[in-house]
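These are my notebook entries on a structure that I went through element by element. The entries begin with a single loop residue and then turn to the helices.

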Amino acid sequence: MIESIFKRLIKKEKPFSTWQIELTTRCALRCKMCVRTESKEWQYQDMRLEDFEKILPYLRDVENVILEGWGESLLYKDLPECIRLVKKEGPCVGFVTSGKGLTEERVSQLIDAGLDFVGFSIAGTRPESHARIRVNSHLSEILNAIQFFTEEKRRRGITWPKMHLVFLMLKDNIHEVPDVPVFAKEAGIEEVFLTHIIHITSPSQDDQKAFSYGEGGNDFNRFLREAEANARRSKVKIKRPGLSPVDVPVCEENPLRNLYISSSGEVSPCVYLYPPLPSPFKRIFCGGEYWQERVSFGNIFKTSLSRIWLGEDYLRFRDLFAERQKRFRELYFSLWDSPKARSSEARLLPEPPQPCRTCHKILGL
């Protein structure tokens with residue numbers, strides 16, 4: 001007993017926290033906030049299973065694997081096999097889904113394969129509001145999918161996979177945010193993630209963002225405070241972003257310990273830097289239109305991970321974030337040392353890598 005506790009206490013952290021692996025770029029939905037709605041050049045592709053198997057030896061150094069990218073993972077016919085293969089290497093594995101087409105039989109297959117977690121994406125607590133934003137998706141389908149998992153877990157007497165709800169906040173649905181914790185609890189889910197639209201490609205999407213660039217912000221914080229209060233009463237965990245920019249040293253995607261692998265095998269720091277679109281692709285950021293080249297530091301199907309991860313360009317990319325992190329720590333410990341440390345100039349962090357300068361994640365959103 002004492003020996004097992006000691007082993008847990010000295011358990012060594014793995015080099016990588018999370019790998020996001022895209023199995024497919026196909027999706028049956030036509031979500032109004034998706035970059036695909038603004039492009040006629042979407043690159044539809046599935047990762048070949050034999051290529052997926054080339055990634056497996058590296059996963060022993062990874063804590064979590066998210067089998068998801070710009071498409072719906074349930075459309076990938078070998079999804080249960082991929083989960084089984086990942087589990088064999090040691091990481092926790094899961095994905096986020098619309099739940100569309102999920103059956104009791106498929107749920108049983110996913111659990112048999114060793115699925116650790118699954119998230120369900122919604123954009124409204126009412127059927128009509130959800131359907132207006134996530135076109136071709138129906139709230140009833142998602143609730144049925146959740147119920148399939150709940151009943152199968154109960155039948156087997158197990159507590160996994162862990163389920164969570166992902167709610168995309170927009171101006172059109174922000175008033176429903178206070179209802180999300182209760183909605184989740186009634187569906188049998190006890191953890192909620194509130195998110196923003198990040199990759200904006202059109203004026204209509206830009207107009208729908210729930211966050212504000214100005215210091216004054218907006219009056220939406222009252223909805224989030226009410227949601228947090230309801231979460232406490234319902235005993236539901238809730239994670240929410242801010243509604244105004246914050247200069248974060250390292251974005252939530254954390255390219256220092258995480259990476260993204262596209263369905264074609266390209267290794268990128270995060271999903272937002274390698275959409276299945278021709279390069280360059282468009283972004284709208286802080287009211288301006290920008291064109292960004294896709295970022296890949298190598299193809300993991302053709303090149304070893306060590307050559308990619310330790311490549312000069314990738315190291316330079318990560319070093320900029322490491323410098324920001326170092327500067328942030330220095331500022332934190334020196335903030336009260338002198339008036340100079342409190343000046344706005346002294347508080348500035350070094351610039352992030354160029355591809356990240358027009359991404360809302362670097363604003364802490």
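Entry 1: I looked up N254 and found a relative accessibility of 23%, so N254 counts as partly exposed; buried means under 20% relative accessible area, exposed over 50% and partly exposed in between, with a 1.4 Å probe and protein chains only. N254 sits in the loop between β7 and β8 (258-261). Its phi is near 45°, a positive value in a residue other than glycine. I then turned to C286, which is not a glycine either and has a positive phi of about 50°. C286 lies in the loop between β10 and β11 (288-292). With 41% relative accessibility, C286 also counts as partly exposed.

**Entry 2: basis of the values.** I note that this is a predicted model, in which local features need pLDDT of at least 70 and side-chain atom pairs count only at pLDDT 80 or more, while totals for chains, interfaces and linings use all residues. Residues are numbered from 1 along each chain as its sequence is written, and side-chain values use heavy atoms, with hydrogens and water left out. Helices (H or I, at least four residues) and strands (E, at least two) are DSSP runs, numbered from the N terminus.

**Entry 3: cis peptide bonds.** I found a cis peptide bond between W160 and P161, with omega about 0°. P161 belongs to the loop between α6 and β5 (162-168). The bond from S279 to P280 is cis as well, with omega near 5°. P280 is in the loop between β9 (267-268) and β10 (281-285).

**Entry 4: α4 against α6.** How do the axes of α4 and α6 cross? The axes of α4 (residues 104-113) and α6 (residues 139-156) come within 10 Å and cross at roughly 55°. Axes are lines fitted to C-alpha atoms, for helices over the stretch in contact, and angles run from 0 to 180 degrees between N-to-C directions. The two helices are therefore oblique to each other; angles under 35 degrees count as roughly parallel, over 145 as roughly antiparallel, 65 to 115 as roughly perpendicular and the rest as oblique. I listed E104, V107, S108, L110, I111 and D112 of α4 as meeting F148, F149, E152, K153 and R156 of α6, where contact means heavy atoms within 4.5 Å. These residues divide into five nonpolar, one polar and five charged.

**Entry 5: S98.** Is S98 buried or exposed? S98 is buried, with a relative accessible area of 7%. S98 is in the loop between β3 (92-97) and α4. Apart from neighbours within four places in sequence, S98 is in contact with L29, E72 and I142.

**Entry 6: α9.** I recorded 14 residues for α9 (residues 221-234) and a reach of 20 Å from first C-alpha to last, close to the 20 Å expected at 1.5 Å a residue. The expected span is 1.5 Å times one less than the number of residues. Its buried residues are F223, L224, A227, A229, N230, A231 and S234. Their cover includes α7 (180-187), β6 (191-195) and β7 (237-239). Just after α9, K235 takes a positive phi of about 60°.

**Entry 7: α11.** Helix α11 (residues 312-334) has 23 residues and reaches 32 Å from its first C-alpha to its last, close to the expected 33 Å. I noted Y314, F317, R318, F321, R324 and L331 as its buried residues. They pack against β8, β9 and α10 (305-309).

How values were computed
Nonpolar A, V, L, I, M, F, W, Y, C, P; charged D, E, K, R; others polar.
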